[in-house]
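Biologist: Please examine a single part of this model closely and give me one connected account of it.

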Amino acid sequence: MSSEDLASASRRGLLRATGAAAVAGAAGLIAACGSTSHSSSQTTVAAPGNADADALNHALDLKHYMIAAYTAATPYLGGRAHAAGKKFLAEELSHASALISLIQKAGGTPNPPQASYQLGHPRSRKAILRLLDSAEDKMIATFIDTVPAVTLPSARTTLASIVANDAQHVSVLRLSLHEEPIPAPFVTGRE
């Protein structure tokens with residue numbers, strides 16, 4: 001074998017080993033999600049309880065705030081920001097509906113929206129976009145903290161999906177503000 005063939009074989013071997021390790025790690029992580037005890041014969045999932053309903057209601061409260069913010073802000077945005085605001089409002093309503101279903105599944109009663117919300121008094125398009133961006137960031141941070149706090153596997157999946165969607169909202173809002181849409185390699189909601 002030539003030295004080029006050896007180098008190619010070594011790279012392939014390294015990639016195979018790395019890929020196998022990644023697959024094994026991911027499988028282990030997925031198996032650990034949502035389980036409270038591990039035995040050689042079966043994995044059990046903790047029964048959802050009031051703690052799940054409480055955590056999900058807190059997430060729902062934040063969604064109610066975002067619905068109010070997009071409802072109030074979108075008419076004052078023009079062009080693409082207006083179209084994005086309408087789309088994001090529809091997505092926030094969908095997220096709230098999913099959270100309401102999860103709260104009921106966890107045996108809780110969903111919190112209703114408040115009669116009004118303090119949104120401040122933004123006086124410019126830029127201030128409105130900053131308000132929405134800041135609120136989305138806070139919501140993402142809370143949802144990331146909530147994912148491990150719930151025991152209902154479907155709630156974890158839904159919360160993670162909502163975080164991903166809300167991260168898209170932040171990227172679009174930042175583009176509208178002429179800022180870096182993806183400021184860090186990890187979404188934390190604390191940028």
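**Helix 5 and its two partners**

Modeller: Helix 4 crosses helix 5 in a left-handed sense, meaning that the near helix is turned anticlockwise from the far one by less than a right angle. Helices here are DSSP runs of H or I with at least four residues, numbered from the N terminus. The model is predicted, with local features requiring pLDDT of at least 70 and side-chain atom pairs pLDDT 80 or more, while totals for chains, interfaces and linings use all residues. Numbering starts from 1 along each chain as its sequence is written, and side-chain values rest on heavy atoms, without hydrogens or water.

The axes of helix 4 (residues 125-146) and helix 5 lie 9 Å apart at an angle of about 160°; axes are lines fitted to C-alpha atoms over the stretch in contact, and angles run from 0 to 180 degrees between N-to-C directions. Helix 4 is therefore roughly antiparallel to helix 5, a term for angles over 145 degrees. Ala, Val, Leu, Ile, Met, Phe, Trp, Tyr, Cys and Pro count as nonpolar, Asp, Glu, Lys and Arg as charged, and the others, Gly among them, as polar.

Helix 3 (residues 79-105) also meets helix 5 (residues 153-176), their axes coming within 11 Å and crossing at roughly 165°. Helix 3 is thus roughly antiparallel to helix 5, and their crossing is left-handed. Among the contact residues are Phe88, His95 and Leu102 of helix 3 and Thr158, Asn165 and Val172 of helix 5. This contact divides into 10 nonpolar, 6 polar and 4 charged residues.

Conventions. Helix = DSSP H or I, 4+ residues; strand = E, 2+ residues; numbered from the N terminus. Parallel < 35°, antiparallel > 145°, perpendicular 65-115°, else oblique. Contact = heavy atoms within 4.5 Å.
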